[in-house]
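Please look over the sequence and the model before reading on.

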Amino acid sequence: MTRDYVFEQDFAHERERLRGMEALWDAGSQALLDELGVGAGWNCLEVGAGGGSMVEWTAGRGATVTAVDIDTRFIDHLASDSITVRHIDIREDELPRSEFELVHSRLVLEHLADRRQILDRLAATLRPGGWIVLEDYDWGSFGFDDEHDGFAEVSTAVLEFMQRRGFAPDYGRRVIGDIVDAGFVDVRGEGRVRVIDSSSPGFDFFRLTFESLRQALVDEGLLSAEAAAAASARFAEDVRVTTPLMMAGIGRRPG
């Protein structure tokens, strides 16, 4: 398992899990970048590029994109004249300096215990006047309609497991403060929440997140094998969930 990051890279359904995330949040992320005017002439850094949907969208706007991730298997094929793919650990690997008009990351910093120092590293990659857009969860709004079916226990177990590895479930509400502390100006933020059910494309993000962690939860004593099996079966039924708050922090590097 990668340090700080709880999801096994060999999980068989990882691309499907990421596709669920994209279905939930791509439209909102694209609207944020569109509002900034991202397009031709922009050099952009996509941090934690995942499945590559935002990389393709940004390049499709006419920008050049450097896509970085600790696992590039889903984005290697995107490499082209306008897209550079790099296997990078943003905690310790060397990053370009003063090169980009935009840095965008989504659901990355919340997993990293040294996130504040990493933010400074990302800030240094921006040219004066460049923008940073950081999107992370605040789990305060999250919940299933049928908590009595055991989902409350499952939610508690998943969050406890991730927090043991440096995850901050409330980082969404703190990201704007960190952007201010990092010296950015014109700082603002906005949040969005979805209410979805089992038929929604984005539901697989939550179902497969649980499946990817299921055995580890049992192994660490956070969930019994029986409760894990029951939750897995319940996920296949008609379930409604209120997502965490996806908080976006936006700021401009002075200059």
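This is a predicted model: local features need pLDDT of at least 70, side-chain atom pairs count only at pLDDT 80 or more; totals for chains, interfaces and linings use all residues.

## A residue pair between two strands

Strands β1 and β4 belong to an open sheet of 7 strands, in which the order is β3-β2-β1-β4-β5-β10-β7 and the pairing is mixed. The edges of this sheet are formed by β3, at residues 83-87, and β7, at residues 185-192; each has a single partner strand, so one side of each has no neighbour in the sheet. On average, and with direction ignored, neighbouring strands here are turned by 15° against each other.

Helix α2, made of residues 53-60, lies across β1, β2, β3 and β4. Its direction relative to β2, the strand at residues 64-69, is given by an angle of about 170°.

## The stretch annotated in UniProt

An unreviewed UniProt entry places the feature "domain: Methyltransferase type" at residues 45-134. Over residues 45-134 the chain is 19% helix and 33% strand, while the C-alpha atoms at the ends of this stretch are 12 Å apart.

## The sheet of 3 strands

A further open sheet has 3 strands in the order β6-β9-β8, and its pairing is antiparallel. Here β6, at residues 143-144, and β8, at residues 195-197, stand at the edges, and because each has a single partner strand, one side of each is left without a neighbour in the sheet.

The pairing of β6 with β9, the strand of residues 240-242, is antiparallel and extends over 2 bridges. Within this part of the structure, Gly-143 stands opposite Thr-242 in β9.

The structure holds 2 cavities of 30 Å³ or more, and the second largest cavity contains about 140 Å³ of space. Which elements give two or more residues to the lining of the second largest cavity? They are α4, at residues 151-163, and α6, at residues 203-219, with α4 providing the largest share, 4 residues.

The residues that line the second largest cavity include Trp-139, Phe-142, Phe-144, Val-158, Phe-206, Thr-209 and Phe-235. Sorted by class, this lining has 9 nonpolar and 2 polar residues, and no charged residues.

Note on methods. Residues are numbered from 1 along each chain as its sequence is written. Side-chain values use heavy atoms; hydrogens and water are left out. Two strands pair if DSSP finds at least two bridges between them. Axes are lines fitted to C-alpha atoms, for helices over the stretch in contact, and angles run from 0 to 180 degrees between N-to-C directions. Contact means heavy atoms within 4.5 Å. On a 1 Å grid over the protein atoms alone, a cavity is a set of points where a 1.4 Å probe fits but cannot get out, and a pocket is an open set with protein on both sides within 12 Å along at least five of seven lines; lining residues have an atom within 4 Å of a point. Grid points are joined across faces, edges and corners, and a volume is the space filled by probe spheres set on the points. Ala, Val, Leu, Ile, Met, Phe, Trp, Tyr, Cys and Pro count as nonpolar, Asp, Glu, Lys and Arg as charged, and the others, Gly among them, as polar. UniProt positions are given in the numbering used here, feature names are shortened, and annotations may be inferred rather than shown by experiment.
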